[in-house]
Each structure stands twice: as C-alpha cells, then as structure tokens.
Amino acid sequence: PLASFTVSLHTMDNITVTIKLRPGIPQGCQIRVKYLSRYDLKIKPGENVTFTFTCKTPEEYFIMEIQKNIDCVSGPCPSGDVHLYPPGLPRLNRTFIWNVKASTKAGLELKFATPWLRQIEPGGTCPDFVSYNISSCIDTATVNIGTFCRGGSVSRVKLQGGLIMALYLPWNSSLITSGFNIANRSSIKRLCIIESTLKEESSVTLMSPNYPLGFPEDELMTWQFVVPSNMRASVFFHNYSLSNCERKEERVEYYIPGSVSNPEVFKLNDIQPANIAGSFNLSLQGCDQDAQNPGILRLLFQVVVQHPQIDENVTYLVDLSKEWDMTITIHSEGWPSRSPLMSEPVCLICKDPRTCDRALTLVSGAVYKISFLCKDVARLRITAEKKISCVDFWRCQGKIYGLSVPKIITQLPVRLHRFIWKLLAPEQINVEIMSLTLKLQQHVQEQRCNTSYSYSIVSSTPERDLNVGVFCPGGSIEKIQMRNNVTISLKTFGKGFLNESNRQDLKMSFVQHIKDECTFTVKPDPRAKLYLQTPNWPHGLPPYVSVSWYITVPSKQVARLGFSKDRVGVSCETGRAYVNIQEQRLGAEETVRREDEALPKPLQMYHNFWVNISNCKPVDKTHFALQFWVILAEKKIDLAVIIAVVSGTGLLVAIGLIVCCVKKKKKKSQNPMVGVYNANVNTQMPGKQGLFKKGRKNNESHVYAVIDDAMVYGHLLKESNGSVTPEVDVYRPFDGPVGSLPPSPPPLSFRKEIKLSRSVEEPPPLTETDHNAYTFAHQKLGEPEKNGDANEKSNGDTSTSLLENKEQDGSEE
C-alpha cells in the first residue's frame with residue numbers, strides 16, 4: 001500500500017504548505033485527498049489534511065514549499081533557534097521560507113551554527129545540494145544578499161529591516177535542523193553587515209548584494225573579518241564594475257585597528273591593502289546614479305589569511321632610474337591564470353609593507369624597495385619587457401644595442417621566466433641581431449636546444465606575424481636581418497640561467513632596407529652537421545615571402561649541401577616557388593628548382609654560397625616548409641686530378657692551334673670547311689677509361705666537325721653583337737657581379753605557368769673526376785646532344801676565352 005501523510009497546521013504558527021508539480025515534469029503522478037486526485041495541494045494555517053500519492057516515487061514529480069510568516073512590527077519578534085516545522089512531511093525536494101517583517105529602525109541578526117556558510121555565485125550548486133538564500137526587505141524593495149553553502153567562514157549576517165530566509169533541502173537530505181537562529185538587534189544604519197571568521201590559514205570569496213546585478217543606489221554595506229592577531233590578511237579585488245555617478249563617489253573604506261588614518265579610503269581600481277595584522281572591516285559605498293544611464297556597481301573579492309613570513313622585513317633595491325621603456329613584473333607561477341581566485345597560502349610581492357599583490361609591476365625611471373611575503377620564493381617568476389625604437393635612421397645608424405638581461409633582475413632571489421625585447425622600426429629601417437661569440441643554434445628536431453635559455457624571434461607587420469624560429473646560444477648563426485618590427489623573447493629553463501647570464505652576447509642594430517623578409521649569416525662548425533629550416537615551421541612560409549641564408553666556407557674546406565626531402569611539397573595557386581643556390585664567385589652558375597621539380601641531390605660547394613627560398617601563393621592545405629643541412633670537410637688534393645688538369649690545358653692549347661690553322665685556310669678559300677676525323681688519334685686520358693659509362697670509343701662522342709664557328713661555339717659567346725640568337729629562352733634571374741647580396745628571386749610577373757627551359761641539365765655533385773680536360777662532342781646539324789656528357793657547359797669557362805680570341809680574328813678579316 002502507498003504511504004499516507006497527515007499535516008496538521010496550527011493557526012498561530014502562520015505556516016502554509018504547498019505541494020506542486022516540478023517544472024517541466026510530465027503529469028505521471030497525482031495527490032489523492034480522500035477520494036479526489038489532483039496535481040497540487042495547499043494546506044493553510046489551521047488545517048489538518050491527510051493525503052497519499054498515486055505513485056511510489058513522488059520525489060520525481062513533486063516539490064514542496066513551507067513558508068512561515070513572522071511579524072516583528074506589530075508584536076514581539078521571536079528569537080532563538082529556528083526549527084524545521086511541521087514534522088511528518090513527505091520526503092520531497094523542499095524549500096523552507098521564513099518571511100520576517102521588521103521596522104527599518106531595527107536590525108535582525110542571523111547567526112549560523114558551525115560549520116558556518118560559504119558564499120557562492122547565483123546559479124551555483126553546493127556539494128551536498130543544501131543551500132541558503134538571504135534577502136533583505138526594505139519597504140517594497142527586495143535585495144538579494146547572497147546564496148550560501150554549508151562549510152565556510154560566514155558566521156553572522158545582520159540586516160536593516162525585514163528579511164527573507166530560504167533553506168533548500170533535497171528529498172534525501174538527513175538535515176533535521178535549520179542551522180541558524182534569529183535575534184532582534186538595534187539598527188545598523190546600512191543595508192547589511194556580513195561577518196566572516198577566519199581562524200587559520202585560509203581564503204574566503206565574497207560578493208556584493210545583487211551580484212552580478214547592480215548594488216542598490218547610494219547604499220552602504222560592511223564586511224567584518226575576524227582574524228587572529230598573529231595572522232595576516234590580504235584583500236584582492238577580482239571582478240568589479242562601476243556605475244555612473246551624479247553625486248558622491250563609489251569607494252571602499254577600511255577600518256584597521258591601529259591605523260593612523262581610519263577609515264582608509266580606496267577606489268575599486270586601486271591595489272587593496274595587504275599584510276593586515278588581525279581583524280578589520282571593509283565597507284562598500286555606492287553613489288547617486290545617473291537616472292538615464294545608471295550603470296552597474298558590483299564587486300567580487302577575496303581575502304587571504306596566512307601566517308606572517310620570517311623574511312617580510314627583508315627588502316631588495318630595484319633601481320630602474322637609468323632604464324628606458326622597460327617594465328618588470330614579478331608574479332606567482334602560472335599568472336595570469338584563467339581563474340582569478342587563489343588557493344592558500346599565496347606568494348605576495350610588496351612595494352611597501354601594506355601594498356602587496358600576487359603580481360607587482362615596476363616601471364623604468366623609478367627606484368623600488370620590494371619584499372616578499374612567501375614561504376617559498378621558488379614559486380615566483382619575473383617577466384620583463386624592454387622597447388628599443390628607431391624613428392630616424394641617421395640617428396640610429398652605427399649604434400649597437402645590447403640584448404642582455406640587466407643585473408638588477410638576475411640579482412633578485414626570483415627566477416626569470418621571460419625577457420621580451422620589442423624592436424620597433426619604421427618601414428624602410430630593418431633590424432639586425434648578431435651573436436658573434438656564442439653564435440645561435442636553430443632549434444630543430446634533429447638538433448634540439450639543451451641550454452638554460454632560448455630566444456623566440458617573431459617579425460611582425462600589421463597584416464601578419466612571421467615566426468622566424470627558436471634559437472639558443474652555441475651554434476653557427478652569426479647574424480639575422482629582418483624586416484619590420486621584431487619581438488625577441490628570452491625564456492629560461494631551470495636554474496642554470498643565473499650562471500650563464502654573464503656570457504650573453506646578443507646585440508642588435510638598425511640597418512637599411514633589405515629585399516628579403518629575413519636573411520641569415522651562417523658560419524658552420526666544421527665539427528658538426530648543421531641543420532637549418534624555413535621560418536614559420538611547420539606551418540610554412542607566408543605567401544610571396546623570400547628568405548636567404550649566406551653560408552661561409554673556409555678556403556681549405558668544402559661544404560656539402562643537402563635537403564631533407566626530395567620536393568618542396570607546395571602547390572601554387574598564383575606565382576611560382578623557387579629554391580635558388582649560388583656560390584659567391586665570378587661566373588658561378590645558379591642552381592634553380594621550381595616547386596614542381598625535384599630538389600637537387602647533395603651539392604659540393606667550394607666557396608661561400610647563398611641559399612634563397614621564395615614562396616608563391618600556395619593552394620589551400622599546402623605549405624612551403626623546407627629543411628636543409630650543411631657539412632664541412634677538408635679539401636682533398638688528388639695528384640691524378642692535377643695531372644689531368646695540366647694535360648687538359650695542353651689539349652686546349654692544341655685545339656686552339658688547330659682552330660687558328662683552319663681560320664687561315666678559310667682566308668684562302670670561301671668553300672665550307674669540314675672537319676676530318678682521324679681514327680688514329682687517341683683523345684682519352686690515360687687511366688680514365690671508366691669515366692663515361694657508354695664508352696667513348698663506341699659512341700663517337702669525341703668526334704667533332706667544323707661546320708660554322710658561330711653555329712658550334714655561339715652559345716658559349718657572351719658578346720656576339722646580335723649575330724647569334726639563342727634557340728630557347730634561358731632563365732637567368734641572377735646577372736651581374738656576385739657580391740654579398742643573395743641571388744634575386746624571380747619577379748612576380750615571371751612566376752606564371754611557363755615552360756622553364758635550360759640549355760643543359762643541372763651539374764651533378766662535384767667529384768674528383770670532374771677536373772678532367774674539356775672535350776667537345778660531335779653533333780650533327782639540327783640535332784640535340786644525345787650522350788650523357790652533361791658537365792661540358794659547367795666546365796666551359798676555360799675554353800670561352802680562346803673562342804672569343806678566335807672570333808675577334810675572324811671579325812678583323
């Protein structure tokens with residue numbers, strides 16, 4: 001059988017019980033009174049009602065409110081413990097409401113039994129789902145003082161005039177007492193007083209009435225904090241807003257026992273008092289608001305109580321009087337965190353005994369004496385920032401600025417977390433950073449930084465940021481030139497930075513405009529393999545950005561250059577992406593690869609050389625990210641190579657004599673000249689039979705014919721006076737003397753879909769056999785070269801001068 005409940009209410013108790021359906025729950029259960037079923041039931045004072053439910057789980061369908069009205073205006077106000085009445089109620093989610101009417105000339109006090117209360121934001125829930133809500137009633141206005149859970153520091157609440165106290169209990173709660181009592185007190189002449197008792201190291205979070213809505217206009221309220229005299233309390237405002245005042249001023253006032261200036265007045269945006277010894281009061285005062293635009297006054301704050309620190313009287317001098325555009329922030333680890341609330345105990349930084357915070361910012365041009373209220377200063381960190389700017393290049397020219405952490409920071413007992421340099425330059429002025437002693441190492445997967453600090457470098461424009469990369473000391477990069485504004489962030493790892501900070505040698509200067517977005521000057525370490533990668537790794541270069549590396553090669557060494565993958569891996573929507581490689585020597589050929597071509601195999605570089613990488617506008621989801629490596633080795637002197645070079649020189653002299661003889665015959669006869677092949681002549685170098693795989697004896701590549709001088713040698717002549725026109729358009733993006741500038745990337749107009757033709761294939765990596773004497777391939781008229789001797793053009797500089805002399809002889813005729 002279903003349980004039966006009887007509720008008997010006395011008239012003098014002035015209690016009303018209401019049972020109704022839970023909002024949003026379908027009508028699956030009813031209340032049966034005698035022979036009638038209904039979905040709600042209201043039992044008034046003086047009534048005696050017996051009822052049952054038509055289901056076994058009524059708590060899933062119904063809620064209950066028990067409201068008691070107490071009149072303290074027309075009669076005496078009851079005092080003492082408040083009981084949960086009447087007994088014998090069904091186990092439903094229930095809310096007990098005590099509505100107390102009182103004169104505004106009187107004050108009511110709610111005193112809570114331990115474990116006291118803890119305030120939460122409206123809409124929050126309590127761990128045991130038991131909550132209290134307190135409201136103040138002045139005339140017809142109702143102000144929500146706050147919502148509270150059990151287990152906190154709020155021990156008493158005093159209110160001016162009447163109040164509404166609501167206690168919410170879930171259906172399965174075992175609480176049998178209200179946990180508070182009501183007392184009649186004299187007028188408090190303010191909206192309310194909230195008492196918070198803190199007996200040990202702890203923290204309490206409190207909110208202004210009606211939070212997060214507005215505090216009542218021109219009202220005053222007070223929080224009383226009871227703190228043992230041997231403890232220290234600090235106040236932190238985490239969330240507040242101000243209303244628009246017509247008269248008076250919104251403020252907070254502190255009454256601190258022993259203070260010479262009670263009350264101490266602060267604005268809400270001031271740093272609030274800290275390191276307060278013992279109990280104190282905090283009051284919030286509103287103002288007369290603008291009727292048209294009142295705004296909102298609200299406050300959420302925290303009070304932290306902890307033991308005094310042994311070294312709170314130890315001060316540190318921070319002299320920033322001679323510094324320019326620098327700020328130093330000392331803060332707790334993890335600051336600023338998403339949640340403004342703190343756990344206890346906290347580390348505080350003080351610039352005077354009562355001005356403390358968990359973060360303190362010091363600015364250049366002043367002198368500070370700071371102290372730390374912290375059990376372990378290892379929990380503190382320093383973040384600093386310095387700006388260096390150049391408006392007029394002629395004033396900045398030649399100046400070198402040191403990018404090292406000042407000693408005023410390293411002498412503090414706090415670990416440096418990050419030091420940021422912001423280098424600001426106009427559009428036509430660029431930034432050069434240099435580390436000539438330690439040099440910089442780029443942090444890549446194959447060579448990770450394992451130092452106590454690193455630099456993160458970002459070049460910025462209003463449109464985009466270019467993450468140049470992460471670098472640490474002890475590498476091969478001497479200089480980096482960058483366009484636009486530059487941000488360098490030094491980040492430390494562990495405690496080793498204090499020992500290494502004295503060795504910093506990073507410097508910067510302002511330089512004239514550079515054509516590339518970024519240029520690196522690299523001097524490889526001969527003892528290690530050097531890895532370099534494009535900026536913005538791994539997301540790829542931005543569209544149309546060009547980056548260059550100038551890599552120096554010692555005279556007695558050779559560099560081997562290789563790429564980490566076979567192709568660039570980018571697809572272009574507009575323009576072309578290029579990789580350009582060129583040695584810094586007169587007549588050096590330029591190795592060029594487009595994004596749709598395979599990257600060159602490892603190359604041997606005997607002189608200083610440039611690597612230039614230029615991006616196009618990539619197709620979505622493709623990006624230009626490239627890594628390459630450089631290894632230095634000692635040059636090998638091969639005696640056979642020397643003999644081959646000497647023999648080759650003699651052979652070229654003989655060929656020159658033959659050509660001269662042919663020219664003399666041409667003067668006597670105008671008939672076409674035909675070269676005669678002598679099968680008995682051996683054109684092979686001794687001991688070099690295996691140089692060509694096809695076998696030069698079989699493929700007749702050593703046979704040559706003199707058909708016409710311009711037809712055979714015209715492609716080698718640099719100055720033909722227009723007499724010879726090349727059959728194809730040869731891509732020559734870099735022309736002129738080779739200096740200290742990188743090879744120019746192709747212009748944007750050139751980066752269209754064109755067929756890039758070359759007269760010869762790219763030369764393979766140089767080997768010791770590449771120093772053989774030059775030979776000429778037999779070629780029929782109108783037919784391309786068919787054999788594999790692809791090194792003829794790359795090694796044709798020696799013969800060019802001889803052919804030019806021969807052509808001059810013919811022109812004189």
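This is a predicted model: local features need pLDDT of at least 70, side-chain atom pairs count only at pLDDT 80 or more; totals for chains, interfaces and linings use all residues.
One part of the model is an open sheet of four strands, arranged in the order E45-E54-E47-E51 with antiparallel pairing. The edges of this sheet are formed by strand E45, which covers residues 530-533, and by strand E51, which covers residues 603-605, and each of these two strands pairs on one side only. When direction is ignored, neighbouring strands of the sheet are turned against each other by 25 degrees on average. Within the sheet, strand E47, made up of residues 557-563, is joined to E51 by three bridges in the antiparallel sense, and in E51 it is methionine 605 that stands opposite alanine 559.

Strand pairing was also examined around strand E43. This strand, residues 507-512, runs antiparallel to strand E35, residues 401-402, and two bridges join them; lysine 507 in E43 stands opposite glycine 402. Strand E43 also pairs with strand E37, residues 429-434, again in the antiparallel sense and over six bridges, and here serine 509 in E43 has glutamate 432 standing opposite.

The loop that connects E45, an edge strand of the sheet described above, to strand E46, residues 546-551, contains threonine 534. Threonine 534 has a relative accessibility of 1% and therefore counts as buried, since the limit for a buried residue is under 20%. Leaving aside residues up to four places away in sequence, threonine 534 touches Leu541, Trp549, Ile613, Phe624, Ala625 and Leu626.

Attention then turns to the spaces left between the atoms. Four cavities of 30 Å³ or more are present in the structure, and the largest cavity holds about 60 Å³ of space. Its lining is made up of Arg232, Ser234, Asn275, Val304, Gln306, His307, Pro308, Gln309, Glu312, Val346, Leu348 and Leu373. Strand E20, residues 232-243, and strand E27, residues 295-306, are the elements that give two or more residues to this lining. By class, the lining residues of the largest cavity comprise five that are nonpolar, five that are polar and two that are charged.

The second largest pocket has a volume of about 400 Å³. It is lined by 24 residues, of which Arg118, Ser153, Ser203, Val204 and Thr205 are the closest to its centre. At least two lining residues are supplied by each of strand E11 (117-120), strand E18 (202-207), E20 and E27, and the greatest contribution comes from E18, with five residues. The lining of the second largest pocket consists of nine nonpolar, eleven polar and four charged residues.

Although proline 228 and alanine 277 are 49 residues apart in sequence, their C-alpha atoms are 8.2 Å apart in space. When residues up to four places away in sequence are not counted, the residues that proline 228 touches are Leu198, Lys199 and Gly278.

How values were computed:
Residues are numbered from 1 along each chain as its sequence is written. Side-chain values use heavy atoms; hydrogens and water are left out. Two strands pair if DSSP finds at least two bridges between them. Axes are lines fitted to C-alpha atoms, for helices over the stretch in contact, and angles run from 0 to 180 degrees between N-to-C directions. On a 1 Å grid over the protein atoms alone, a cavity is a set of points where a 1.4 Å probe fits but cannot get out, and a pocket is an open set with protein on both sides within 12 Å along at least five of seven lines; lining residues have an atom within 4 Å of a point. Grid points are joined across faces, edges and corners, and a volume is the space filled by probe spheres set on the points. Ala, Val, Leu, Ile, Met, Phe, Trp, Tyr, Cys and Pro count as nonpolar, Asp, Glu, Lys and Arg as charged, and the others, Gly among them, as polar. Buried means under 20% relative accessible area, exposed over 50%, partly exposed in between (1.4 Å probe, protein chains only). Contact means heavy atoms within 4.5 Å.
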